[in-house]
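Biologist: I would like to learn how to read the features of a model like this one. Please take them one at a time.

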Amino acid sequence: MAAITTTLVVGATGATGKHVVLQLLQRKQHVKAVVRSKQRLLDSLDEIAPNASTEFSSSLEIQEASLLDLSDDDLMELTSQCDATVSCLGHNISIQGMFGHPRRLVTDATKRLYNAIEANQSKEAEPKKAKFILMGTVAVPNPNGEDDKRTFGERFAQFLLRYMLPPHRDNEKAAAYIQGKTDNPNLEWTVVRPTELTDGSASKYEMFSKPIDPLFGGDRSVTRANVAQSMVDMLLTKSLWDEWKFKMPTVYDDLN
């Protein structure tokens, strides 16, 4: 049985974030969540698993706030005593969500949370190790160039996404920021890149070091519950974490 940990989840009311929260709770872990609506999170947990909000209430701490409105001191307090932080933040699929503000939601949140964790560590005589998981997409290329070269058409599509779709550019910049953070041995990270997301229950999944299917028109997909499961498994299984830390794995449903 895994040791009891405390994980901060941001983007907890999102389609994947709610699965991360629930799966951590089901595995006897403590969870902190920052959400605009506490009731929305509780309702979303109950939709997945009836009575989950009541069953796990003692292990779930919810703060109602807009993350980027919190001060640096607030973020330090929020991340203090946390063993891990999981960001499932994303932009709403609407005109305002895609083209309105904040356009750098994921990047700014990632930077500020990372800085808060490091600020807490700087005050500790013996800094406690922490983990950071950022959820991206398979369309975000690994900044270190280790992905296989995309076709010309795919690279052109990525170019268009980068300059015409602010959320995609935001995800790329957040991944690039995290990818450059390798100088702190007490703060380890991974960027999880799921392929096409679908709804469905958790089952078997596969992880790879790079994309294994075309950017468009591939026959692979992954349930949001499986993406959550991959992140929770990494957090709670040392061998998995050691395998994927400081990397950008892609996640797919297992076809077998």
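Biologist: Which residue stands opposite Val-191 in strand 6?

Modeller: Leu-134 stands opposite Val-191. Strands (E, at least two residues) and helices (H or I, at least four residues) are DSSP runs, numbered from the N terminus. This is a predicted model, in which local features need pLDDT of at least 70 and side-chain atom pairs count only at pLDDT 80 or more, while totals for chains, interfaces and linings use all residues. Residues are numbered from 1 along each chain as its sequence is written, and side-chain values use heavy atoms, with hydrogens and water left out.

Biologist: How many bridges join strand 5 to strand 6?

Modeller: Two strands pair if DSSP finds at least two bridges between them. Here six bridges join strand 5 (residues 130-135) to strand 6 (residues 187-194), and the two run parallel.

Biologist: In what order do the strands of the sheet come?

Modeller: The sheet is open and has eight strands, in the order 3-2-1-4-5-6-10-8, with mixed pairing. Strand 3 (60-64) and strand 8 (205-208) are at the edges; each has a single partner strand, so one side of each is left without a neighbour in the sheet. From one strand to the next, the twist averages 20°.

Biologist: Which strands does helix 4 lie across?

Modeller: Contact means heavy atoms within 4.5 Å. Axes are lines fitted to C-alpha atoms, for helices over the stretch in contact, and angles run from 0 to 180 degrees between N-to-C directions. Helix 4 (residues 72-79) lies across strand 1 (6-10), strand 2, strand 3 and strand 4 (84-87), at about 155° to strand 2. Helix 2 (residues 38-48) lies across strand 2 (30-35) and strand 3, and runs at about 140° to strand 3.

Biologist: How are two packed helices described?

Modeller: By the angle between their axes and the distance between the axes. Angles under 35 degrees count as roughly parallel, over 145 as roughly antiparallel, 65 to 115 as roughly perpendicular and the rest as oblique. Helix 6 and helix 8 (residues 166-179) pack at about 25°, with axes 7 Å apart. That angle makes helix 6 roughly parallel to helix 8. Among the residues that meet are Leu-105 and Tyr-114 in helix 6, and Ala-174 and Ile-178 in helix 8. This contact of helix 6 with helix 8 divides into six nonpolar, four polar and three charged residues. For these classes, Ala, Val, Leu, Ile, Met, Phe, Trp, Tyr, Cys and Pro count as nonpolar, Asp, Glu, Lys and Arg as charged, and the others, Gly among them, as polar.

Biologist: At what angle do helix 7 and helix 8 cross?

Modeller: The axes of helix 7 (residues 152-164) and helix 8 cross at roughly 100° and come within 5 Å. That makes helix 7 roughly perpendicular to helix 8.

Biologist: How many residues line the largest cavity?

Modeller: On a 1 Å grid over the protein atoms alone, a cavity is a set of points where a 1.4 Å probe fits but cannot get out; a pocket is an open set with protein on both sides within 12 Å along at least five of seven lines, and lining residues have an atom within 4 Å of a point. Grid points are joined across faces, edges and corners, and a volume is the space filled by probe spheres set on the points. The largest cavity holds about 120 Å³ of space. It is lined by 14 residues, and Thr-79, Cys-82, Ile-117, Lys-128 and Ala-130 are the closest to its centre. Helix 6 gives the largest share of this lining, three residues.
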